[in-house]
Amino acid sequence: MDVVVLAKAAVMGVVEGLTEFLPISSTGHLILAGSLLGFDDERAKVFDIAIQTGAIFAVILVYWQRLWSTVRALPTQAQAQRFAVNVLIAFFPAVILGLLFGKAIKAHLFTPTVVASTFILGGLVILWAERRPRSAVRIHNVESMRPLDALKVGLAQCLARVPGTSRSGATIIGGMLFGLSRQAATDFSFFLAIPTLIGAGAYSLYKERAMLALSDVPLFAVGLLFSFLSAWVCVRWLLRYIATHSFVPFAWYRIGFGVLVFATAWSGLVTWAE
C-alpha cells in the first residue's frame, strides 16, 4: 500500500474523529478534506462511512460503565428497558430513510456546494436554539425521556442524511429544541450514534464489498485507528466543555467555514471537486 495513500487515510481518520460528535458535520468535513486530498472516488466514500465505526468505539469506551450497567439491568429494571426502547425508537427513522433514499442522496447531495450551504444554515439554527430561554428545558437526563421525545430526536437525525447538516448537530440541537437539556441531548446523541454509525458502516461495507479487496485492509485499519484516537480525545473534551459552555462558537465556526468554501470556490483559489 502506497505510503501517501496511508497518510491520506490517517488525515481522514483524524478529521472523522474530531468532527463526528461536534455539531459541525463530520461528513461535510470529510467531503471537503477528500476533495482537497484527491481522496474522493467511490472507494473513498465507502471508507468515509466505514471509519465512523472507529469513532463509535471511542464513545463505547467513554460510556462503558454506564452502558454495561444498563445491559445488566435490562432483564429486571424498567428504567433500563425504557432507555433501550427509546434508543431503538430514535434509531429506526434514519434506517428507513436511508434504505429508501440513501442512494439518491449520495448521488446528488454529496458536493462541496451543498455542504457549504448546510454549514451556514445549520449554524443559524444553532444560534436560534441557544437563544431560547432555559425555562423551556423539561428533561434533564436521558432516563426521563418518553418514547415521543425519542421519536422526535430520531426524526431530527434524519436531517443529517443531507451532508453538512451534522448528525450530532441535528440530534443535539433538535433535542434541545424539543425540551432536553444540553447535557441530556448530548448524552442521548452519543448513545444513538452507537447503533446508527455501526449499522451504517456495516451496511456500506456489505453493499459495496465487490469494489473492495484484501489490499484495502491497511487503508481501512489506519483510518479506523486514527478515527478512534481522535474521537476519544474529542468526546472527553466535549463532555467537559458543555458543562459550562454553549454551542454558539460552533455555530459561528459553521457559518464562517461555509462562507470560506463559497469564497474560495468563487475566487478560483480552490477548485472543490463536485
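Predicted model: local features only at pLDDT ≥ 70, side-chain atom pairs only at ≥ 80, totals over all residues.
Residues are numbered from 1 along each chain as its sequence is written, and side-chain values use heavy atoms, with hydrogens and water left out.

Let me begin with the charged pairs. Side chains of opposite charge can pair when their charged atoms come close. The structure holds 7 salt bridges, a salt bridge being a side-chain nitrogen of Lys or Arg within 4 Å of a carboxyl oxygen of Asp or Glu. One of them joins Arg43 and Asp216, at 2.6 Å from N to O. This pair links distant parts of the chain, since Arg43 sits in helix 3 (residues 42-50) and Asp216 in the loop between helix 10 and helix 11 (217-241), 173 residues apart. Helices here are DSSP runs (H or I, at least four residues), numbered from the N terminus. Asp216 counts as buried because its relative accessibility is 6%, whereas Arg43, at 25%, counts as partly exposed; buried means under 20% relative accessible area, exposed over 50%, and partly exposed in between, with a 1.4 Å probe and protein chains only.

A second bridge is formed by Arg66 and Asp187, at 3.6 Å from N to O. Arg66 lies in helix 5 and Asp187 in helix 10, so the pair ties together parts that are 121 residues apart in sequence. These two residues are also linked with Glu143 in a network of salt bridges.

Staying with helix 5 (residues 64-73), which of its residues are buried? They are Leu67, Thr70 and Ala73. They cover an arc of only 130° around the axis, which puts them on the same side of helix 5; the arc is that of the directions from the helix axis to the C-beta atoms. On the other side, Gln65 and Arg72 are exposed.

Finally, I turn to Ser166, in the loop between helix 8 (147-158) and helix 9 (167-177). Ser166 counts as buried because its relative accessibility is 3%. Its side chain reaches the backbone nitrogen of Ser25 at 3.4 Å, and a polar atom of that side chain lies 3.5 Å from the backbone oxygen of Leu22.

Methods
Helix = DSSP H or I, 4+ residues; strand = E, 2+ residues; numbered from the N terminus. Polar contact = N/O pair within 3.5 Å; in protein donor to acceptor, adjacent residues only side chain to side chain.
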